[in-house]
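Dear colleague,

I am handing over the structure below, and I would be glad if you could look through it before reading my notes, which follow directly after it.

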Amino acid sequence: VAENAALIVGRLAAKLDEVTRSIQQLLVAKIAELGGDPQLTQLLRDTVSGNVDTFFSAIRHRIPVTQVEPPTAALEYARRLAQREVSADALVRAYRLGHRAALEAILNEIRTSNIEPRLSLNVFDRMARTSFDYIDWISQRVIATYQEERERWVESRNSLRTLQVREILAGGNVDIDAMTTAIRYPLR
């Protein structure tokens, strides 16, 4: 089973760009919050590619999921989403939808292989179980990174807001409209 799983992953690894592109396009189409910003879209592509490649490597080399490190792009993507106030729900949903798409790619590759039916079921079972373990593990790490960045970002924004309010209270020459926008509070 492990050998055939490695063969399937090897065939899929040769199509990594195609698999990555299809998953990225699905995510942007299904989750509106993830589209629009070209830089974020590229980082999403790198995140998908890193996660798929990491998962394939775990299968190919029989690496326990708990021994795998999250791709750097995945952690940075979580940070950037937090900074742009994209919901954590969108991030989690992206992992669920991406997981489903990856499993579909795996299943299609198994279907086109010459593996006998019973063995192909065992191969899919092994890969599905490993993928669920990977998604469970990686989503915990990514959400923790998102939450840490979100807290840091809010604290930084609040500190800046505090400085701006002090500037208003000091009675200096202040552009009321600009400050209203900056502190998100109607001053008129």
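**Where α3 meets α6**

In this model, which is predicted rather than determined by experiment, Asn51, Thr54, Phe55 and Ile59 of helix α3 are in contact with Met127, Thr130, Ser131, Tyr134 and Ile138 of helix α6. Sorted by class, the residues of this contact comprise 5 nonpolar and 4 polar ones, with no charged residue among them.

As for the geometry, α3 covers residues 38–61 and α6 covers residues 117–169, and the two pack at an angle of about 130° with their axes 11 Å apart. The crossing in which α3 passes α6 is right-handed.

**The cavity**

How many cavities of 30 Å³ or more does the structure hold? There is 1, and the volume of the largest cavity is about 250 Å³. Its lining is made up of 18 residues, of which Asn51, Tyr95, Gly98, His99 and Ile135 are the closest to the centre. Asn51, then, takes part in the contact of α3 with α6 and also belongs to the lining of the largest cavity.

The elements that contribute two or more residues to this lining are α2 (16–30), α3, α5 (88–112) and α6. By class, the lining of the largest cavity consists of 13 nonpolar and 5 polar residues, and charged residues are absent from it.

With best wishes

Definitions and conventions. Residues numbered from 1 in each chain as written. Predicted model: local features only at pLDDT ≥ 70, side-chain atom pairs only at ≥ 80, totals over all residues. Heavy atoms only, no water. Axes fitted to C-alpha atoms, helices over the stretch in contact; angles between N-to-C directions. Helix = DSSP H or I, 4+ residues; strand = E, 2+ residues; numbered from the N terminus. Left-handed = near helix turned anticlockwise from the far one by under 90°. Contact = heavy atoms within 4.5 Å. Nonpolar A, V, L, I, M, F, W, Y, C, P; charged D, E, K, R; others polar. 1 Å grid on protein atoms, 1.4 Å probe; cavity = no way out; pocket = protein on both sides within 12 Å on 5 of 7 lines; lining within 4 Å. Points joined across faces, edges and corners; volume = space filled by probe spheres on them.
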